[in-house]
Amino acid sequence: MSGAGRPPPVRFPRDPAVSRTGPVAVPTGGPGTHEGRAPGKVILVGEHAVVYGYRAIAAAVDLFTTVRLHERPGRSEVEDTDIWDARLADALATLVPPEGVGVSISSDLPTGCGMGSSAALAVAAVRAAARREGRVASFEECFERGMAIERVFHGNPSGLDHTVSAMGGAVIYRRGERATPLRVATPIRLVVANTGAPGDTAEMVAGVRDRKPEVELLRIGALSEMVAARLALGRSVGPFLHEAHWLLRRIGVSTRELDELCRAMEAAGAEGAKLAGAGGGGIAIALVTPETEDAVRHAASRLVDDRVYAVSFGG
Ligand code: MEV
């Protein structure tokens with residue numbers, strides 16, 4: 001999704017253009033606010049290939065989106081949001097009835113940068129809608145109803161992003177199968193650098209579909225398998241991330257800024273760096289150790305200012 005300028009309040013269409021999946025929210029009629037919260041993610045390896053049935057590995061990050069729903073008279077409306085996207089009302093209309101609900105969305109996640117802001121929104125919204133019905137959303141509900149929201153934003157999502165957001169931790173995922181937690185024997189530390197230039201996932205995925213780079217997608221899928229095996233054994237995966245970036249470049253989803261960021265972070269000591277997410281902008285990640293982290297962060301911040309984070313998982 002992309003973070004455009006601030007439009008006027010978002011009203012829900014009375015007749016949503018998107019079909020509802022799963023149970024339709026039944027208003028409780030009671031006062032109060034119903035809240036759902038979910039994390040963003042980074043993809044370690046496997047983006048784009050995962051759309052075609054290859055495996056991908058991703059991990060949740062400590063940046064969250066929170067959705068709050070409350071009863072209000074008249075039409076449902078997004079009253080307050082950190083996430084601005086023309087598709088927001090249609091996406092939420094898969095969950096929220098056209099009348100009687102006020103929505104507020106707060107998010108730590110930068111939008112349109114490959115950190116799963118739409119997926120976190122989807123899962124947080126499903127959780128809030130279930131709370132409004134006096135229930136706790138199961139993983140299956142988050143997956144099914146989250147997928148309907150992700151489809152509005154991304155057209156043909158693999159399901160990876162909102163699966164990770166709903167499960168938390170590190171996961172290995174293949175489309176059509178239930179994701180499994182990934183065993184990571186030695187902690188992984190990533191520097192995440194955001195170019196600040198948003199990419200559009202739907203556009204990137206459509207571009208790859210049109211170019212049909214079968215050999216590269218097959219190789220990216222093979223990298224995911226090797227990375228999963230090596231993470232379980234506590235072996236380094238840096239060179240695999242490096243190769244993944246240049247394959248993503250060949251399939252047309254990198255940019256000059258992302259290439260430069262990866263080169264700079266590797267020159268500063270990262271074991272491997274790659275774009276992460278759909279590309280066309282957004283973030284690059286670099287695998288670091290306690291010894292190399294400061295130098296890599298410094299190299300990244302020379303290119304992207306303070307849009308540098310760190311993420312850990314496993315161990
Ligand atoms: C986007 O975060 C990941 C992609 O593989 C798309 C998808 O899995 O739906 C590019």
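Two strands pair if DSSP finds at least two bridges between them. Strands (E, at least two residues) and helices (H or I, at least four) are DSSP runs, numbered from the N terminus. The model is predicted: local features need pLDDT of at least 70, side-chain atom pairs count only at pLDDT 80 or more, and totals for chains, interfaces and linings use all residues. Residues are numbered from 1 along each chain as its sequence is written.

**Stop 1: a sheet**

Select Gly-272, then Leu-287, its bridge partner in β10. β10 (residues 283-288) runs antiparallel to β9, and five bridges join the two. Now show the whole open sheet of four strands, in the order β9-β10-β8-β11 with antiparallel pairing. β9 (272-276) and β11 (308-313) are the edge strands with a single partner each, so one side of each has no neighbour in the sheet.

Angles run from 0 to 180 degrees between N-to-C directions, and axes are lines fitted to C-alpha atoms, for helices over the stretch in contact.

**Stop 2: two domains**

Colour domain 1 (10-180) and domain 2 (183-313) separately; the bounds come from an automatic or database domain assignment. Their C-alpha centres lie 25 Å apart. The contact takes 28 residues from domain 1 and 34 residues from domain 2. On the domain 1 side, β2 (33-45), β3 (56-75) and β6 (170-173) each supply at least two residues.

**Stop 3: the ligand**

Where does the ligand's shell draw its residues from? Both domain 1 and domain 2 give residues to the shell, so the ligand lies between them. Select Glu-47, Pro-157, Ser-158, Gly-277 and Ala-278, which come nearest of the 15 residues around the ligand; a residue counts as near if its C-beta atom, placed from the backbone, lies within 6 Å. α4 and α5 (201-211) each supply at least two residues of this shell.

**Stop 4: a helix pair**

Finish with α3 (residues 139-154) and α4 (residues 160-167), which pack at about 145 degrees with their axes 9 Å apart. Residues in this contact include Phe-139 and Phe-143 of α3 and Ala-166 and Met-167 of α4.

Note on methods
Contact = placed C-beta atoms within 7 Å.
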